[in-house]
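Subject: Structure handover

Hi,

Here is the structure I promised to pass on. Have a look at it first, then read my notes below.

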Amino acid sequence: MRSSFSLVDVFLVLAFFSHIKWTVKGSSHCKQTDSGEIRPHSVTITEFGAVGDGVTLNTKAFQNAIFYLNSFADKGGAKLFVPAGWWLTGSFDLISHLTLWLDKDAVILGSKNSDDWPVVDPLPSYGRGRELPGGRHRSLIYGRNLTDVIITGDNGTIDGQGSVWWNWFRSKTLNYTRPHLVELMNSTGVVISNLTFLNSPFWTIHPVYCSHVIVQNVTILAPLDSPNTDGIDPDSSDDVCIQDCYISTGDDLIAIKSGWDEYGISFARPSTNIIIRRLIGHNRNGSGIAIGSEMSGGVSEVYAENLYFFDSSTAIIIKTARGRGGYVRNIYISNVTLTGVDTAIRFNSNFSQHPDEFYDPNALPVIERITVKDVIGDNIKVAGLLKGIEGDSFHHVCLLNITLNVTSESPWNCSYIQGYSALVSPETCEPLKESIYPKHSSDCYHLSNHLWSSGNQNRGSWLLSW
């Protein structure tokens with residue numbers, strides 16, 4: 001999959017990253033981790049009768065292998081090795097202190113039979129399935145209440161074979177909400193790395209109610225017209241690091257969430273302290289980085305830097321609505337390059353889907369201290385569509401050092417927002433025209449005390465592996 005990059009692509013992006021001057025400091029949860037950690041006990045999936053022919057269903061083999069390895073959880077943990085082959089399976093559970101390791105030519109295939117994806121209860125912060133009332137199909141790789149879980153390998157592949165689910169969605173013949181490809185709930189110490197994820201039925205990687213999560217060096221692909229195939233969706237989770245990823249899907253590349261309307265407000269678990277860096281990708285129906293629209297538990301302390309989005313619908317978006325409640329605050333996005341993007345920055349407050357009729361239409365979201373800086377873009381249709389909610393102005397939106405080559409005669413369209421700007425071209429909208437300097441720098445979430453200059457060290461070197 002990675003070889004689809006041409007030399008021109010690589011040189012363009014290397015040139016972009018050669019201008020990077022800043023990086024997040026103090027992000028201890030975002031340091032490189034050893035996903036090849038040695039476990040004292042190891043088995044191969046074939047020892048449990050699995051057949052890698054792409055036809056034989058191996059759900060029982062995965063379940064039995066993991067059941068056996070559970071006896072080593074308190075003895076230093078264990079490793080389940082998946083060798084080269086095509087390993088068809090339904091949903092299976094992980095355990096604590098486990099490494100699931102895929103060989104380079106190993107492909108785990110999701111079954112096309114919906115009966116192999118059991119139906120489980122809805123998430124309490126959503127109150128129902130995201131697409132339909134009632135339960136939801138469990139993800140292909142699933143775990144809950146776990147500690148120290150590693151899903152990794154030598155760039156093996158996990159393929160959800162999601163086209164059958166997309167067809168059911170389009171024909172409105174689903175009985176329950178579609179499954180994710182990987183979902184971990186109420187877990188801590190999660191690492192997902194060095195793998196390719198293909199064709200998820202729904203969202204691809206979904207850590208929910210989790211802490212200390214690292215997703216690094218992964219490729220996520222789905223057709224650009226596949227419905228709701230988000231890449232990575234941290235949901236009511238904290239201390240999350242996403243770095244060195246390439247994502248091309250049918251919806252948001254990364255979407256940060258925290259529950260839906262009254263259920264998210266009641267559950268009250270925010271997503272916070274989330275770092276995203278060195279992300280490349282594109283889509284046609286979503287965004288590069290999204291916050292929401294399910295953000296009712298709150299989202300804060302999001303730091304995203306060194307981003308490259310191309311041939312995409314939207315680069316950066318905050319999605320919300322009346323009835324969501326919650327908050328989005330203290331967001332810092334910097335060092336962004338865009339090529340062929342319809343809308344660079346967007347606030348969309350008209351996401352009208354609600355879980356039921358019991359949501360409170362007077363629950364208005366608080367959106368404040370949003371900083372976007374150091375953005376360059378070529379062949380951009382619209383610089384910004386920044387629409388707040390009447391009676392609920394979005395405050396302290398700050399734009400700094402943004403240069404966009406825009407084709408629209410109306411590059412900015414803003415309403416019900418307030419903020420400041422400096423060094424923005426084309427000139428920003430009236431509610432943001434007041435200068436950041438010298439009076440308002442303290443009103444902007446600029447994180448000057450969280451940054452350090454990295455100089456020329458290792459600039460662009462991460463791309464060489466692509």
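Before the notes, one term: a residue is called buried when its relative accessible area is under 20%. Also keep in mind that this is a predicted model.

**Aromatic rings**

Searching the whole structure turns up 10 aromatic pairs. One of them is F62 with F92, a stacked pair with 4.5 Å from centre to centre and 10° between the planes. This pair links distant parts of the chain: F62 belongs to helix α2 (residues 59–69) and F92 to strand β6 (residues 92–93), 30 residues apart. By the cut-off above, both F62 and F92 are buried.

F202 and W203 make another stacked pair, at 5.0 Å centre to centre with 15° between the planes. F202 and W203 are buried too. If you'd like a group of rings to look at, F48, Y68 and F72 are linked into a cluster by ring pairs.

Charged side chains meet rings as well. R130 has its charged end over the ring of W260, 4.0 Å from the centre of that ring. Over the face of Y327 you'll find R329, at 4.3 Å from the ring centre.

**Cysteines**

How many disulfides does the structure hold? There are 2. One joins C398 to C444, with 2.0 Å from S to S. The torsion about its S-S bond is about -80°, so this disulfide is left-handed. It links distant parts of the chain, as C398 is in strand β28 (residues 394–406) while C444 is in the loop between β30 (417–425) and β31 (451–453), 46 residues apart. C398 and C444 are both buried.

The other disulfide connects C414 and C429, with an S to S distance of 1.9 Å. The link of C414 and C429 is left-handed, with -80° about the S-S bond. C414 lies in strand β29 (residues 412–415) and C429 in the loop between β30 and β31, so this pair ties together parts that are 15 residues apart in sequence. C414 counts as buried because its relative accessible area is 18%, and C429 is buried at 8%.

C245 has a relative accessible area of 1%, so it is buried. C210 is buried as well, because its relative accessibility is 0%.

**One lysine to finish**

Is K373 buried or exposed? With a relative accessible area of 11%, K373 is buried. This lysine lies in strand β26 (residues 366–380). Its side chain makes a polar contact of 2.6 Å with the side chain of D374. Setting aside neighbours within four places in sequence, K373 is in contact with Y332, I333, S334, N335, L400 and N401.

Happy looking!

Technical notes: Residues numbered from 1 in each chain as written. Predicted model: local features only at pLDDT ≥ 70, side-chain atom pairs only at ≥ 80, totals over all residues. Heavy atoms only, no water. Helix = DSSP H or I, 4+ residues; strand = E, 2+ residues; numbered from the N terminus. Buried < 20%, exposed > 50% of the residue type's maximum accessible area, 1.4 Å probe, protein only. Polar contact = N/O pair within 3.5 Å; in protein donor to acceptor, adjacent residues only side chain to side chain. Contact = heavy atoms within 4.5 Å. Phe/Tyr/Trp six-rings, centres within 6.5 Å; stacked < 30°, edge-to-face > 60°. Lys NZ or Arg CZ within 6 Å of the ring centre and 35° of its normal. Disulfide = S-S within 2.5 Å.
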